[in-house]
Amino acid sequence: MADGQSVAKRHGVGVAAEEDPGRHRAISPVHEVADVDDDKAPRRSKRVASLDVFRGLAVALMILVDGAGGEWPVIGHAPWNGCNLADFAMPFFLFIVGMAIPLSLKRIPDRGRAVRRVILRTVKLLFWGILLQGGYSHAPDDLAYGVDMKHIRWCGILQRIALAYLVVAVIEIATKDARVQDQSSSGFSIFRLYLSQWIVACCILLIYLSLVYGIYVPDWEFRVRNVDSPNYGKVLTVTCGTRGNTSPPCNAVGYIDRKVLGINHLYQKPAWRRHWACTDVSPHEGPFKKDAPAWCASPFEPEGLLSSFSAVLSTVIGVHYGHVLVHMKSHMDRLKQWLAMGIALLVLGIILHFSHAIPLNKQLYSFSYICVTAGAAGIVFSILYFLVDVLNLRYIFEPLRWIGMNAMLVYVMAAAGIFEGFLNGWYYDGTNNTLVYWVRKHVFVGVWHSTRVGILLYVLVAQILLWALVAGLFHRAGIYWKL
């Protein structure tokens with residue numbers, strides 16, 4: 001990820017941080033993973049292109065979800081339990097953030113300097129997250145800006161990434177000295193080498209499960225803020241009085257957010273509005289049923305405190321994949337480790353879900369959801385690594401690689417809608433008559449005579465592909481928007 005205050009040139013700081021340590025001789029015993037032919041001179045480090053491709057894939061998924069999820073429910077977030085395409089975007093990004101941590105921090109031997117760098121990046125991510133998703137930016141549809149501080153949204157995508165990055169990076173820095181003693185490259189030895197990190201991960205999981213299933217959730221109330229609702233301004237009561245409940249209204253995740261953050265600072269349009277209990281057109285969004293429960297109109301924070309706490313585990317798993325990359329020299333050894341863990345996690349998550357032990361749930365960031373999405377991330381990354389870095393077929397994935405190398409630029413301009421918001425500011429006669437509206441209606445929807453197909457193609461071509469090409473031009477110029 002990146003930040004607007006630091007634009008790195010091609011040979012500048014940060015651009016070459018994600019290199020394959022197995023392609024050159026290490027300069028310290030910690031990363032002594034030299035090529036087999038030790039008698040030869042060290043070769044220049046080579047950036048792991050599949051990391052950029054995977055990061056670009058995660059950003060492209062975010063753009064696809066925001067742009068086409070409303071027309072295609074299978075692309076959008078699951079209303080509650082379950083896992084749609086959109087539900088893989090966040091854990092994929094957390095996974096790749098974790099995988100890059102060992103590669104970026106290995107170049108900073110001084111702990112104090114490393115901690116300062118991590119804190120600075122965290123602050124920048126929090127700043128951009130609150131600016132883009134806190135309510136200040138109304139892009140791309142509303143030509144306005146500003147937020148009532150009584151209703152600012154404190155949590156969001158970048159804020160969750162910031163928290164996960166901070167926690168895992170600090171753990172990585174704190175346990176750095178323990179790695180020097182063990183230079184073996186077997187899969188089990190890597191787990192043993194970073195045992196303290198896995199102990200912390202287990203503690204996080206135990207705390208999360210204890211809170212989710214142990215906290216008592218009382219009845220609660222809220223004021224309807226949707227001006228289009230017939231209940232606008234009314235105070236509605238939600239009946240709970242339960243413990244260990246994972247239903248939409250009575251789970252501990254939402255309870256903690258309401259108590260700590262305040263109900264006015266939560267996301268006002270949660271995915272559960274498309275729940276079958278709320279609307280007859282589920283999984284599409286539509287008018288509420290006449291007998292819809294009160295909680296259908298209530299806010300909920302999908303990137304809340306407790307769910308973000310468990311989301312750290314997605315990054316921890318990504319860090320393990322990064323450790324395998326650092327310590328193992330053989331492509332096949334790496335792939336065996338990655339695929340074995342990915343398949344094991346995927347199977348475990350599926351068993352937990354279909355046995356009704358722990359359902360897949362992105363809103364709660366449940367343990368089964370962590371397993372399925374992290375396992376899928378590991379498998380997808382392994383496939384990309386084999387195609388891009390082993391078979392060297394990177395030209396096929398160049399658009400995704402360009403996006404991945406300028407992830408913050410593309411996220412801000414496309415996923416957050418800033419560029420479209422800028423274009424919508426130049427309208428003719430009315431605010432609905434803009435270049436974006438005309439292109440979407442006449443070039444895509446009109447040609448295909450289908451709103452669903454037209455919107456999907458518009459997102460794929462005019463957002464994802466367009467910004468991939470822009471990022472490619474920036475790459476050729478050696479310009480990167482980095483943290």
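Over the ring of which residue does the charged end of R452 sit? The charged end of R452 sits over the ring of W72, 3.9 Å from the ring centre. A charge counts as over a ring if NZ of Lys or CZ of Arg is within 6 Å of the ring centre and within 35 degrees of the ring normal. R258 likewise lies over the face of W220, at 3.7 Å from the ring centre.

This is a predicted model, in which local features need pLDDT of at least 70, side-chain atom pairs count only at pLDDT 80 or more, and totals for chains, interfaces and linings use all residues. Residues are numbered from 1 along each chain as its sequence is written, and side-chain values use heavy atoms, with hydrogens and water left out.

Rings also meet one another. Rings of Phe, Tyr and Trp (its six-membered ring) pair if their centres lie within 6.5 Å; planes under 30 degrees apart are stacked, over 60 edge-to-face, and the rest tilted. The count comes to 21 aromatic pairs. One of them is the edge-to-face pair of F54 and F381, with 6.1 Å centre to centre and 75° between the planes. This pair links helix 1 (residues 49–68) with helix 10 (residues 367–390), its members being 327 residues apart; helices are DSSP runs of H or I, at least four residues, numbered from the N terminus. Both F54 and F381 are buried, that is, under 20% relative accessible area with a 1.4 Å probe, protein chains only. They belong to one aromatic cluster, whose members include F88, W338 and Y385.

G417, in the loop between helix 12 (407–415) and helix 13 (418–424), is buried, with a relative accessible area of 5%.

Methods:
Helix = DSSP H or I, 4+ residues; strand = E, 2+ residues; numbered from the N terminus. Buried < 20%, exposed > 50% of the residue type's maximum accessible area, 1.4 Å probe, protein only.
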